Amino acid sequence: MKNTMDNNNSPLWEEREMIAMHIPALLENADTICSTPELAEAPVPHMCVHMYGGAPRLTLGDMLRVWGAKGDTPWRYTNAEGHTCYRLLHVFGLSGCWRAEAFDSVTQCTVNAPRTVGMRELAQALHVGNRDLLCRNPMSFPKVIGLFVRHPHLIINMPHVSAALPKHCGLSCPRDVQERLARMSADLFLDGLAPAGLDVCRRVAAPVSRLVVDTERLEDDSREPLAAVGCGVVPTHAFDGTEIRQMSSPRRRHALLNRYYRPHHETLARFTRASLAIHDRARILDLQSYPESYAMPGMAGAERPDVCIGFAPYHCPTALVRAVADCAYRHELSFALNTPFGESAVPQAYQRQDARVVSLKLVLKRSLFMDESTLQPHAGMLRMRRFVEEVAAICRTFPPADAVPSPLRGGGCGA
């Protein structure tokens, strides 16, 4: 058993190191964890339960809230329990990471303290300043939190995938017209092309048709260029100029934004915040489609490649654009950069503020996977699914460990 404990390459040793080194990082970032649902709601690993007084903390947030509790609580330790907890810390990996005199101070703290002892007091007694210099690699917060929470590197945003038209959504044109326009303007079948599974990606999909609320538009109409033609966040006109509603009253507009628009962006921001906390990076793939047979707002006169790669240089390194363009070239798809659609979704709080958030827009020509006259999928679905899955894998693993620069090559419409 001793050999196993001393083997720094064994999984058991890594678990002990996690227990030994994770407490300071969790305490220093308690506010971030408790305000991020993906982190706060993460279950505490079974192997850690005994460290926290024997009473299971069902989630990481619960555990941290208990650590910060004022006064005595049912989950704080008696002195004997605190001493037992300290002993478990020692057995499960602290040996060799702190100086021996630190353990003596903890023993005095837990046995002689005039009041009950909590985890915060134990952590303070085992202060980082007492750590032996031989412990050269204390765990960073992203590494620590990654042991508690499994969260994929990639977030897929699909702002126009829905054709749903809830009742009382404020549209004034006949219902059959609403349904026709909703289906023609939606990114139909795109959810079937995107990879799925929580181990691969997190999806953020608009819940309603863009006729009701367009989650891609800016909330402030004065900053949204397409609001001038009635295609703002709460549109008054469809893509073909059909009037679908009168100008919404401030009260109705506020209600629609609160119900559909803001939750979409809050979810995108929440997933981004969690990814940054866990992986120290966030990768967003903004997945959309566009018609070949008619023009959507903002694309009149523009070329219509098979694939549009949209990005903002601040949030998308050239190497990633090049890798996706190379992927399109391998799949024999023409592509263009930021034409006819540019930039990509980034939560407001991180826009041009945090380069760790990398975002790329992938807009597919609909005729590649569906019949635009019947609005039904065709055999091209399989080909495009393979392409989208490969692009998603590129985004998820970017930057690759052995990236080799290569020139951009045009696949017919390459810019």
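What follows is a chat about a predicted model of a protein.

Me: How many helices and strands are there in the protein?

Reply: There are 15 helices and 8 strands. Bear in mind that this is a predicted model.

Me: And what share of the residues is buried?

Reply: Of the 415 residues in the protein, 49% are buried.

Me: What about contacts, how many join residues at least 24 apart?

Reply: If you take contacts between residues at least 6 apart in sequence, 77% of them join residues at least 24 apart.

Me: OK, pockets. What's the volume of the largest one?

Reply: The largest pocket comes to about 1,100 Å³. Its lining has 45 residues, and the ones nearest the centre are Glu216, Arg217, Leu218, Glu224 and Lys361.

Me: Which elements give two or more residues to that lining?

Reply: That would be α13, β3 (282-290) and β6 (357-365). Helix α13 gives the most, with 6 residues.

Me: How does the lining divide into nonpolar, polar and charged?

Reply: You get 18 nonpolar, 14 polar and 13 charged residues around the largest pocket.

Me: Now the cavities. How many of 30 Å³ or more turn up?

Reply: A search of the whole structure gives 4 of them. The largest cavity has a volume of about 100 Å³.

Me: Which residues lie nearest the centre of that largest cavity?

Reply: Arg210, Asp214, Cys231, His237 and Phe239, out of 13 lining residues. By type, the lining of the largest cavity splits into 7 nonpolar, 3 polar and 3 charged.

Me: Let's stay with Arg210. Where is it found?

Reply: Arg210 is in the loop between β2 (201-205) and α13 (250-279).

Me: Is Arg210 buried or exposed, and why?

Reply: Buried, because its relative accessibility is 13% and the cut-off for buried is under 20%.

Me: What else is Arg210 in contact with, leaving aside neighbours within four places?

Reply: Besides His160, Arg210 is in contact with Ser162, Ser185, Arg217, Pro235 and Met296. Arg217 comes up again in the largest pocket, among the residues nearest its centre. Ser185 belongs to helix α11 (residues 175-185), where Ser185 is buried.

Me: Which other residues of α11 are buried?

Reply: Val177, Gln178, Leu181 and Ala182, along with Ser185. Seen down the axis of α11, the buried residues fall within an arc of 130°, so they line one face of the helix.

Me: Which residues have a positive phi without being glycine?

Reply: Phe189 is one, with phi about 70°, and Asp280 is another, with phi near 65°. Phe189 is in the loop between α11 and α12 (190-193), while Asp280 lies in the loop between α13 and β3.

Me: How accessible are Phe189 and Asp280?

Reply: Phe189 is partly exposed at 23% relative accessible area. Asp280 also counts as partly exposed, at 40% relative accessibility.

Me: Last one, Glu243. Where is it, and what does it touch?

Reply: Glu243 is in the loop between β2 and α13, the loop that holds Arg210. Not counting residues up to four places away in sequence, Glu243 touches Cys173, Thr236 and His237. The Glu243 side chain also makes a polar contact of 3.4 Å with the side chain of Gln246.

Me: And how far apart are Glu243 and Gly230?

Reply: In sequence they are 13 residues apart, and in space 8.5 Å, C-alpha to C-alpha. Glu243 itself counts as partly exposed, at 41% relative accessibility.

Notes:
Residues are numbered from 1 along each chain as its sequence is written. This is a predicted model: local features need pLDDT of at least 70, side-chain atom pairs count only at pLDDT 80 or more; totals for chains, interfaces and linings use all residues. Side-chain values use heavy atoms; hydrogens and water are left out. On a 1 Å grid over the protein atoms alone, a cavity is a set of points where a 1.4 Å probe fits but cannot get out, and a pocket is an open set with protein on both sides within 12 Å along at least five of seven lines; lining residues have an atom within 4 Å of a point. Grid points are joined across faces, edges and corners, and a volume is the space filled by probe spheres set on the points. Ala, Val, Leu, Ile, Met, Phe, Trp, Tyr, Cys and Pro count as nonpolar, Asp, Glu, Lys and Arg as charged, and the others, Gly among them, as polar. Buried means under 20% relative accessible area, exposed over 50%, partly exposed in between (1.4 Å probe, protein chains only). Helices (H or I, at least four residues) and strands (E, at least two) are DSSP runs, numbered from the N terminus. The arc is that of the directions from the helix axis to the C-beta atoms. Contact means heavy atoms within 4.5 Å. A polar contact is a pair of N or O atoms within 3.5 Å; within protein, one must be able to donate a hydrogen and the other to accept it, and residues adjacent in sequence count only if both atoms are side-chain atoms.
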